Amino acid sequence: MTTSGFSHLDSEGRARMVDVSAKQDTARIAVAAGELATTAEVVALVRADGMPKADVLATARIAGISGAKKTSELIPLCHQLALSKVDIVFGFTDTTITVEATAKTTGPTGVEMEALTAVAVAGLTLHDMVKAVDPSATMNGIRLVRKEGGKRGAWSRDDTASAAPPSLTENESPAGRTAAVLVASTGGANGTREDTTGPRIAAWLLDRGFTVRGPLVYADAEIAAGLRDALTDGPALVVSTGGTGVSPTDATPEATKAVLDRELPGISDAIRLQGTKVTPHATLSRGLSGVAGRSVVVNLPGSPGGVKDGLAVLDPIVDHLLAQVAGDGPHADSESDVNTP
């Protein structure tokens with residue numbers, strides 16, 4: 001670090017590329033976010049894939065990944081990195097399309113700029129795709145959400161919340177109805193399979209007044225890291241989909257059990273029972289439900305039908321459940337039976 005405090009300036013104030021040759025290679029991850037402010041009409045068209053330029057989200061995702069890979073060419077003092085993963089997920093509010101990018105590498109320097117560039121390029125591509133309908137669309141709030149690895153370890157925007165602009169996880173509803181959606185899908189994480197379950201869960205949550213982070217898409221082998229990611233900001237509810245079966249790669253229940261403080265087996269049993277009304281294969285789901293800290297975690301199967309069944313079970317109980325966990329429910333200060341009306 002120079003006397004100026006900026007690592008990219010030498011002692012005489014001249015721009016330089018930092019020498020990282022003496023630093024140790026470590027696993028590094030960075031998550032960045034932003035949102036395109038537009039009209040309700042555009043949001044509806046994009047969600048329905050009804051824009052004049054088709055494949056809006058797919059085009060923006062590929063552009064963002066390409067942007068991350070070209071970061072060192074676009075930002076002159078950035079190092080070339082061997083990226084092991086770039087994942088971009090989109091979400092929706094009434095008048096915004098949210099963008100979240102996760103970048104991973106193993107090396108001597110951080111991957112923050114790659115994540116930020118992915119968000120910026122994906123957002124600009126969204127703007128290009130929607131400008132025919134809404135030329136006044138605006139890309140806002142591009143920011144680093146969190147990072148891990150290196151000498152300084154983990155950093156989260158929550159650590160500097162007093163000076164931070166609003167982020168996806170800080171725009172909570174007045175009732176604190178925050179949620180994260182997690183998808184266990186190796187094909188989805190690799191970009192070889194389009195996931196439909198995560199967006200369906202996110203839409204269900206948005207319709208019920210939740211502020212939603214994700215869908216966060218992780219390969220089955222990385223689902224434990226994905227669950228830690230989903231729990232980072234202490235959302236009221238985490239709903240996962242996929243990885244609950246009995247194939248060798250299905251590991252969501254094991255990852256979930258490791259973070260739960262208390263299990264809620266009745267919820268998972270009800271989800272399986274609901275599924276058996278359609279197919280006996282529902283009995284093969286090993287999904288768990290429970291409480292991790294102040295967050296409720298619910299595993300749903302990875303099929304559209306399994307998600308539909310799980311949401312049908314959650315619908316009449318989710319408000320009461322979250323109130324109980326938050327200590328605001330009718331039995332929060334008593335030992336009354338939870339079945340008491």
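Start by selecting β9 and β10: these two strands pair in the antiparallel sense over 2 bridges. Helices (H or I, at least four residues) and strands (E, at least two) are DSSP runs, numbered from the N terminus, and two strands pair if DSSP finds at least two bridges between them. Click R262 and you'll find its bridge partner in β10, V291.

A word on what you're looking at: this is a predicted model, where local features need pLDDT of at least 70 and side-chain atom pairs count only at pLDDT 80 or more, while totals for chains, interfaces and linings use all residues. Residues are numbered from 1 along each chain as its sequence is written, and side-chain values use heavy atoms, with hydrogens and water left out.

Now show side chains for residues 289-292, strand β10. S289 and V291 point one way, G290 and A292 the other, and all are buried (under 20% relative accessible area; exposed is over 50% and partly exposed in between, with a 1.4 Å probe and protein chains only). In a regular strand the side chains alternate between the two faces of the sheet.

**The six-stranded sheet**

Zoom out to the whole sheet: 6 strands, open, in the order β7-β6-β8-β11-β10-β9, with mixed pairing. β7 and β9 (262-263) are at the edges with a single partner strand each, so one side of each has no neighbour in the sheet.

Next, pick β6, residues 178-184, which runs parallel to β7 and is joined to it by 6 bridges. V183 stands opposite V217 in β7, and A184 has Y218 as its bridge partner in that strand. Turn to β8, residues 237-241: 5 bridges join it to β6, again in parallel. Here V183 is partnered with T241.

Is β6 buried or exposed on its two faces? Both faces are covered: T178, A180, L182 and A184 on one side, and A179, V181 and V183 on the other, are all buried.

**The five-stranded sheet**

The next sheet is also open, with 5 strands in the order β2-β3-β1-β4-β5 and antiparallel pairing. β2 and β5 (155-156) are the edge strands, each with a single partner, so one side of each is left without a neighbour in the sheet. Select β4 and β5 to see an antiparallel pair with 2 bridges; R146 has S156 as its bridge partner in β5.

Centre on I97. Leaving out residues up to four places away in sequence, it touches G34, E35, L36, V43, V46, F90, G91, F92 and L126 (contact means heavy atoms within 4.5 Å).

**A loop stop**

T39 is in the loop between β1 and α1, and counts as partly exposed because its relative accessibility is 30%. Its contacts, not counting residues up to four places away in sequence, are D94 and D134. Draw a C-alpha to C-alpha distance from T39 to T95: 5.1 Å in space, though 56 residues apart in sequence.

Finally, select L57, R61, E194, D195 and P199, which of the 36 lining residues are the closest to the centre of the second largest pocket. On a 1 Å grid over the protein atoms alone, a pocket is an open set of points where a 1.4 Å probe fits, with protein on both sides within 12 Å along at least five of seven lines; lining residues have an atom within 4 Å of a point. β2 gives the most to this lining, with 8 residues.
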